[in-house]
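The following paragraphs lead through selected parts of one structure. Please keep the sequence and the 3D view at hand while reading.

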Amino acid sequence: MSNPIVTGLLSYGMSGRLFHAPFLTTNPGFKLKVVVERHIKKMSADYPNIISYSTIEDLLNDTAIELIIVNTPNFTHFDFARQALLAGKHVLIEKPAAANVKEVKELYDLAKSHNLHVFVYQNRRWDSDFLAVKEVIESGRLGRLTEVHLRYDRYKPILAVKPFKETKDTPVNGLVYDLAPHIVDQAMLLFGRPLSFDKITAKQRDNSEVIDYFNFRLNYPGELKVYLTGGLLFPEPLPSFVVHGTLGSFIKSRCDVQEPQLDSGMLPTDPAYGIEPVGSEGKLVTIGIDNQKTVEWIPSGRGNYNHLFDAVHHTIRNNALYPITEEQISWQMELLEA
C-alpha cells in the first residue's frame, strides 16, 4: 500500500512489542515513527530507527504523526484517546475503548467533529480458531443454532504483580474489562445485539479485590442462548468454542498461534505465521436423516492480525468502513458496565 500512515505508539510493553510494532514495521501501509517511553528506553534495542519521546505531550505536538495507538493501562484509554483527538490525530485504542457507553459516545462524537477516526483494537476477530467457528456457523451445517459457548479458561491463582491491575479503587479493572471484550465482540460479530442478557461476576482468588470471574447469558431470537465465560481458576480448561445446533455440534479449542509466535520473534511476514499446528482441528459432528452421527475434523485457516491494520489504513486513506463499528462497541460496553 502506498502513502503509509505515520504512527506513534504510546508504550512499548507487552502489547506494543507483540501486537503493534511487528505489524507497524512490516505493513507497508504504516510508518512507525515514535514511541513514548517515560522511564526505561527499551524499543531501540529492537527498532533502532524509532524516536523515543519521554512524554505524551511530545508525541501530541509532533505534527507528522497522523495516528496514535493507545495501548496503555485500561483506565487511561479514554483520557489519552481524547487528548489525541483534540490534537488532531486518529486513534487506535486497545480494548476496552472506555469505561462506559457515555465515554464511548464522547470519543466517537469528538472524532466526527474533527473529521477524524476512532478505531478499537479487537484483534481476536482474526484468530484462526474463531475464524474456523465463524465459517462453520455461516456454512449452515449445524442447522438452527440452539446454544453457543465462548470461554476464556485460565489458571492464574496468584495476584498480578502490577498493583493497578489488582486494586479495587482503579477504574476499568478486572477480568470483565480484560478478557470479556474479546468474546463479547466475537459474539456481537456472530449474532448482533442480544434481546436481553444476564451477568454474573465473582472474586474467586484468595484476597482478590477485583472481579476475576464472569458469565454472561445472551438471549437471542429463536431461543438461542449464548454463554460467555472467563475466569482465572480453571485448572483444566474446557473447549473455548462449543456450538450446538439442530443438525450438529462444533467443538474447537483455543489454538491460535499468533501471540506465541510473535513472542518468539516471528514476524507476520513469515510463511508459517498464523498457521495452527496439525492436531488442532475442530470437531464437527453432524446428524444425518437416519440419525447417524458423522464426525469430521475441520482445520482452521490462517489467523492474521494484519487484516485489522489493513482495515485501519483503508479507512484513513480511502474512507472505507472500519469493520468494528461504533454501534458494536456501544453494545459491548452495555454488557461490560452493567
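Where does I275 lie? I275 is located in the loop between helix 10 and strand 13; helices (H or I, at least four residues) and strands (E, at least two) are DSSP runs, numbered from the N terminus. The model is a predicted one, in which local features need pLDDT of at least 70 and side-chain atom pairs count only at pLDDT 80 or more, while totals for chains, interfaces and linings use all residues. Residues are numbered from 1 along each chain as its sequence is written, and side-chain values use heavy atoms, with hydrogens and water left out.

With a relative accessibility of 45%, I275 counts as partly exposed; buried means under 20% relative accessible area, exposed over 50%, and partly exposed in between (1.4 Å probe, protein chains only). Apart from neighbours within four places in sequence, I275 is in contact with V257, Q261 and R302, where contact means heavy atoms within 4.5 Å. Between the C-alpha atoms of I275 and R217, which are 58 residues apart along the chain, the separation is 32 Å.

The loop that holds I275 also contains Y273, which pairs with F23 of helix 1 (residues 14–24) and so ties together parts that are 250 residues apart in sequence. The pair of F23 and Y273 is edge-to-face, at 6.3 Å centre to centre and 70° between the planes. Rings of Phe, Tyr and Trp (its six-membered ring) pair if their centres lie within 6.5 Å; planes under 30 degrees apart count as stacked, over 60 as edge-to-face and the rest as tilted. F23 is buried at 0% relative accessibility, and Y273 is buried with a relative accessible area of 0%. A search of the whole structure finds 11 aromatic pairs, and ring pairs link F19, F23, F30, Y121, Y273, Y305 and F309 into a cluster.

Helix 1 is largely enclosed by the rest of the structure, because 9 of its 11 residues are buried. Among these buried residues are F19, H20 and F23.

The description now turns to helix packing. Two packed helices are described by the angle between their axes and the distance between the axes. Axes are lines fitted to C-alpha atoms, for helices over the stretch in contact, and angles run from 0 to 180 degrees between N-to-C directions. The axes of helix 4 (residues 77–86) and helix 5 cross at roughly 10° and come within 10 Å. Helix 4 and helix 5 are therefore roughly parallel; angles under 35 degrees count as roughly parallel, over 145 as roughly antiparallel, 65 to 115 as roughly perpendicular and the rest as oblique. F78, A81, R82, L85 and L86 of helix 4 make this contact with E103, E106, L107, L110 and A111 of helix 5.

H77, also in helix 4, is buried at 0% relative accessibility. Leaving aside neighbours within four places in sequence, the contacts of H77 include V70, T72, I93 and P96.

Helix 5 (residues 101–113) also packs with helix 12 (residues 326–337), at an angle of about 160° and with the axes 8 Å apart. That angle makes helix 5 roughly antiparallel to helix 12. On the side of helix 5, V101, V104, Y108 and K112 take part, and they meet E326, I329, S330, M333, E334 and E337 in helix 12.
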